[in-house]
Amino acid sequence: MKKTVLITGASSGFGRMAAKLFHTKDWNVIATMRSPEKEVELTTLSNVFISKLDVTDKLSIQNTVAAGIEKFGKIDVLVNNAGYGALGALEAATEEQVKQQFDVNLFGLIEVTKAVLPGMRQQKSGIIINVSSVGGRITFPFCSLYHATKFAVEGLTESLQYELNPLGIRLKIVEPGGYKTEFAGRSMNLFGANDLNDYKPAFDNFIAMLDNWPMSENIGEVADAIYEAATDGTEKLRYPVGHDAAQLIEARQQMDDVDFKKMMTAQTVI
Ligand code: NAP
């Protein structure tokens, strides 16, 4: 029997690439997105079911999971991929900006996870793959909200192993470095450091560093890592992807807090 994957945020970037990869590997794909009416490519692929899902809308999550199970019988793998970056000086973030960052990157992921768990428990199998970030392991300046959500995703996922492994459900974390998707464009919500002069020089430096960051164009690497996590049959939890992710995580492991802060400050703040 074909396996079925449900992917959030399949309208662009990693989610879209992963949907296409699972399709070519002969999986059933529930490709979910906020605006399915805009989709023209995935709709043409057999065994790809497009469903409207906003991770902040509980009803759309429940409807999608029910419709996906109705269509394909079960969900074997969930890829929690939807997310965006709210970046800026914390002091300048509005309550709404803070809330929205957590609603999408963390609380939305939790709601989608809860929605697939009854089926996975019943079938005594399943894999939940959470797309975190190198930013779930190390920190940059002016990304405190984003890191807070991704560090939370890492802790949530690691802990869930203890309660879900005995029920036949495995957990995975994919940690991409910098890739050229819509993330640095329409999925980046920059807020207010320019309104607070004390932060402006450091924020400008940070933006210059981001502009010069060697973003990889090979987003297929991340789709490959997601597919590997879904199929390798191992207990492995974390899948860092990209040369920058590997380097930064290794540097973090080798330095103490003070040395890492000095290194990051030298590269981004001064
Ligand atoms: P992307 O191309 O901007 O894709 C983000 C996806 O999330 C889009 O499909 C977007 O849908 C969706 N999304 C946003 N808010 C949503 C909501 N409320 N409900 C459902 N879907 C929502 O960027 P990406 O790089 O592929 O990002 C995917 C994941 O990778 C994110 O979790 C991001 O944090 C993580 N990541 C990215 C990078 C990078 O450098 N690109 C690095 C590390 C981690 P719409 O089309 O409707 O906006």
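Author: Start with Asn47, in the loop between strand 2 and strand 3. Helices (H or I, at least four residues) and strands (E, at least two) are DSSP runs, numbered from the N terminus. This is a predicted model, where local features need pLDDT of at least 70, side-chain atom pairs count only at pLDDT 80 or more, and totals for chains, interfaces and linings use all residues. Residues are numbered from 1 along each chain as its sequence is written, and side-chain values use heavy atoms, with hydrogens and water left out.

Asn47 has a phi near 60°, a positive value in a residue other than glycine. Its relative accessibility is 32%, so Asn47 counts as partly exposed. The cut-offs: buried is under 20% relative accessible area, exposed is over 50%, and partly exposed is in between (1.4 Å probe, protein chains only).

Asp26 also has a positive phi, near 70°, and is not glycine. Asp26 sits in the loop between helix 1 and strand 2. Asp26 is partly exposed, at 49% relative accessible area.

Setting aside neighbours within four places in sequence, Phe22 contacts Val5, Ile7, Trp27, Val29, Ile226, Tyr227 and Ala230. Contact means heavy atoms within 4.5 Å.

Phe22 belongs to the largest nonpolar core, of 32 residues. Such a core is a set of buried Ala, Val, Leu, Ile, Met, Phe, Trp, Tyr and Cys residues joined through side-chain atoms within 4.5 Å. Ile7, Phe22, Ala31, Ile129 and Ile226 touch the most other members. Among the elements that each supply at least two residues are helix 1 (13-24), strand 2 (28-33) and strand 3 (48-52). Helix 6 gives the most, with seven residues. Another core lies apart, with 31 residues, including Tyr84 and Leu145.

Take Tyr84 first. Ser187 touches Tyr84, Gly85 and Glu182, not counting residues up to four places away in sequence. Ser187 lies in the loop between strand 7 (169-176) and strand 8 (188-191). Ser187 counts as buried because its relative accessibility is 16%.

Then take Leu145. Helix 3 (95-123) and helix 4 (144-164) pack at about 20°, with axes 9 Å apart.

Methods:
Axes fitted to C-alpha atoms, helices over the stretch in contact; angles between N-to-C directions.
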